[in-house]
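Here is a short briefing on a single protein chain, grouped by topic.

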Amino acid sequence: MTSEDLERVRQWLARAQAVTVLTGAGVSAESGIETFRGPGGVWEKVNPLELASPEGFRRDPRRVWDWYNARRRQLLGSRPNPGHYALAELEKRVPQFGLITQNVDRLHQAAGSRQVVELHGNIWEVRCTGCGRRDDRTGVELPEEPHCEVCGAWLRPNVVWFGEVLPADAWRQAEAWAQRAEVFLVVGTSAEVWPAAGLIYLASNAGAKVVEINPQNTSATKVADVALRGPSGEILPQIVSR
Ligand code: OAD
């Protein structure tokens, strides 16, 4: 990454009418939240099929809830980092802005972002496996075995698990934002998980300048017009600053 790359991206952002951002776990890394893939990542310590799949939940809902309750408790102590705040600031300057996140932590909203689509749901809401009722339980300590107050069935976290389809409205909005983008920022995602990763190709094919912000090369690097290598908490404030 050179200072010319940074300057080029600053110019693109300053001129663009439509900017779309896709974020992944890496944008929250500097808030103390571990990423999924790579050394020390979540999926090295726990098996996603046991803890993040409908089959795993049917087999042992208590075990899945133990893990999600621990993650909820951890998030209570987490705050947005300068990367989240820079994206909230960018939203104020760009006429047509959209932020698509794979994260379930709601730290973008905590930083002030408003135009947010949560592709993989979020960890603070619960959904009833019986009657389908959804409820926002932000910051609330849930019981060890959460059940629906209305119908008595197990509640589950309102997140998207492996093998499940994405929420239709969220996906429609994400596709529309990807297609209209003049600049498409890909921040802190390995771009390994589909269909989310497909949005990068959609944006690129529709003519967007694709900018990757990540300390590492990823599957998205080959589509990127510019790759800015480094932590998003450091790079994003630099490209959004006046
Ligand atoms: P991953 O864990 O797959 O990738 C995280 C990315 O963040 C990697 O490319 C890292 O290099 C990068 N990274 C690490 N620290 C960073 C930093 N400080 N700044 C910027 N980037 C950094 O996470 P996701 O791509 O979000 O899905 O994973 C996608 C989905 O896979 C998740 O939403 C989750 C997971 O399984 C579900 O649970 C459905």
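Two strands are taken to pair if DSSP finds at least two bridges between them, and helices (H or I, at least four residues) and strands (E, at least two) are DSSP runs numbered from the N terminus. The model is a predicted one, in which local features need pLDDT of at least 70 and side-chain atom pairs count only at pLDDT 80 or more, whereas totals for chains, interfaces and linings use all residues. Residues are numbered from 1 along each chain as its sequence is written, and side-chain values use heavy atoms, with hydrogens and water left out.

**Overall form**
- The protein chain contains ten helices and nine strands, and its C-alpha atoms fill a box of roughly 55 × 35 × 30 Å along the principal axes.
- A compact globule of 242 residues would have a radius of gyration near 18 Å, and the 18 Å of the protein chain agrees with this; the radius is taken over C-alpha atoms, and the globule rule is 2.2 Å times the number of residues to the power 0.38.
- Among contacts (heavy atoms within 4.5 Å) between residues at least 6 apart in sequence, 66% join residues at least 24 apart.

**Burial and surface**
- Of the 242 residues, 51% count as buried, where buried means under 20% relative accessible area, exposed over 50%, and partly exposed in between (1.4 Å probe, protein chains only).
- The protein chain exposes about 11,200 Å², of which carbon and sulfur atoms supply 49%; accessible areas come from the Shrake-Rupley method with a 1.4 Å probe, and for residues only the protein chains shown count as cover.

**Strand 2 and its partners**
- Strand 1 (residues 18-23) and strand 2 run parallel and are joined by six bridges, with Thr 23 standing opposite Thr 101 in strand 2.
- Strand 2 is also joined to strand 3 (residues 116-118) by three bridges, again in parallel, and here Ile 100 stands opposite Val 117 in strand 3.
- Five of the six residues of strand 2 are buried, so that this strand is mostly covered.

**Backbone exceptions**
- Most residues other than glycine have a negative phi, and most peptide bonds are trans.
- Arg 106, although not a glycine, has a positive phi of about 65°; it lies in the loop between strand 2 (96-101) and helix 7 (107-110) and is partly exposed, with a relative accessible area of 22%.
- Ala 191, also not a glycine, has a positive phi of about 55°; it lies in the loop between strand 7 and helix 9 and is buried, with a relative accessible area of 8%.
- The peptide bond from Trp 194 to Pro 195 is cis, with omega near 5°, and Pro 195 lies in the loop between strand 7 (183-187) and helix 9 (198-205).
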